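Subject: Structure handover

Dear colleague,

Here is the structure you will be working with. My notes on what was found in it follow below.

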Amino acid sequence: MSRIAYVKGRYRPHAQATVHIEDRGYQFADGVYEVCEVARGYIIDMTRHLDRLGRSLSELQIVWPVERDALTAIMREVVRRNRVHDGLVYIQVSRGVARRDHVFPVSPVKPSLVVTSRASDPQAARAKAGEGIAVITVPENRWERVDIKSVGLLPNVLAKQKARESGAGEAWFIDHDGIVKEGAATNAWIVTKDGILVTRPADFGILRGITRTTVMDIAREQGLSVEERGFSVEEAKQAREAFITAATTLVMPVVRIDDAPVANGHPGGVALALRDAFFDTAEKTPV
Ligand code: PDD
């Protein structure tokens with residue numbers, strides 16, 4: 001079965017799903033994106049993802065490419081046409097196609113919308129969570145507006161590649177003060193010896209992860225305390241547990257940071273319990 005993508009207003013096989021060479025997303029990374037998890041035939045936390053898409057668009061003064069309800073219908077249709085039961089749906093909006101010039105097009109152009117979907121293996125993900133992953137640390141070298149989910153991801157790409165080459169699953173960006181910001185494509189958390197969940201405040205220094213927000217809902221339901229504050233690499237190494245969150249990884253235990261094991265080097269019980277509770281608490285939109 002060939003994969004189907006939504007591009008230029010139509011559903012097309014991937015081989016024919018192309019964008020213009022002067023699309024500003026392609027030339028300037030002048031665009032934004034979202035990734036929603038698809039689990040058991042539901043799109044997860046779609047409302048929050050679309051709220052954040054709206055915020056990213058407005059920060060860059062890009063208008064919605066289609067009405068929000070229409071986008072919802074397109075997302076569901078792309079997931080359906082690709083027969084994705086578990087996996088993800090990807091949405092990208094660029095400012096549109098215009099003759100190359102750094103300033104915004106003088107006469108408004110229509111933003112370009114691309115929606116794709118692909119399957120993943122939930123059992124493999126569960127097995128990975130049972131083992132946990134290693135992270136490496138890298139100096140923060142991104143721009144200040146990482147709260148905008150922009151497609152300009154080169155530092156993230158390079159950090160993630162470095163992690164891969166080091167046998168790790170994620171790279172954590174560290175600020176000038178030695179405080180963990182977030183991962184290349186995930187938010188970062190620890191659990192203190194007292195059982196308190198700690199994650200950096202979602203100010204302008206990190207992306208306000210949707211999975212992060214839903215994990216906070218679960219923590220509240222389970223009576224766990226959450227502290228939004230920075231933590232150092234040293235504190236993370238000494239913590240009872242560490243984990244990352246994203247729509248692509250859900251809650252994934254971190255068992256090693258650079259060369260040091262976290263606690264006993266095994267996935268922590270809090271992280272695994274949060275992962276187990278995630279589907280029930282998250283918003284579920286049937287495909
Ligand atoms: N990344 N921080 C960064 C830099 C991210 O790129 C992501 C998500 C997150 C977690 O956000 P959420 O919980 O809403 O997925 C945090 C997506 C999954 C990606 O780039 O593929």
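**The sheet and what packs on it**

The model has an open sheet of 7 strands, in the order S2-S1-S6-S5-S3-S4-S16, with antiparallel pairing. Its edge strands, S2 (10-13) and S16 (284-286), each pair on one side only. From one strand to the next the twist averages 30°. Helices (H or I, at least four residues) and strands (E, at least two) are DSSP runs numbered from the N terminus, and two strands pair if DSSP finds at least two bridges between them.

This is a predicted model: local features need pLDDT of at least 70, side-chain atom pairs count only at pLDDT 80 or more, and totals for chains, interfaces and linings use all residues. Residues are numbered from 1 along each chain as its sequence is written, and side-chain values use heavy atoms, with hydrogens and water left out.

Strand S4 (residues 42-44) is joined to S16 by 3 bridges, and the two run antiparallel. Within this pair, Ile44 stands opposite Lys284 in S16.

Helix H3 (residues 68-81) lies across S1 (4-7), S2, S3 (31-39), S4, S5 (87-94), S6 (112-119) and S16, at about 35° to S6. Axes are lines fitted to C-alpha atoms, for helices over the stretch in contact, and angles run from 0 to 180 degrees between N-to-C directions. Contact means heavy atoms within 4.5 Å.

**The core**

The largest nonpolar core has 24 residues, and Ile43, Met75 and Val115 have the most contacts inside it. Such a core is a set of buried Ala, Val, Leu, Ile, Met, Phe, Trp, Tyr and Cys residues joined through side-chain atoms within 4.5 Å. Buried means under 20% relative accessible area, exposed over 50%, and partly exposed in between (1.4 Å probe, protein chains only). S3, helix H2 (46-59), H3, S5 and S6 each supply at least two residues of this core, and H3 gives the largest share, 5 residues.

Leaving aside neighbours within four places in sequence, Ile43 is in contact with residues including Met75, Val79, Val89 and Lys284.

Ser56 lies in helix H2 and counts as buried, at 1% relative accessibility. Not counting residues up to four places away in sequence, Ser56 touches Val32, Ile148 and Lys149.

**A helix pair**

The axes of H6 (residues 210-221) and H8 (residues 269-281) come within 10 Å and cross at roughly 100°. H6 and H8 are therefore roughly perpendicular (under 35 degrees counts as roughly parallel, over 145 as roughly antiparallel, 65 to 115 as roughly perpendicular, the rest as oblique). Residues of H6, among them Val215 and Ile218, meet Leu274, Ala277, Phe278 and Thr281 in H8.

Regards
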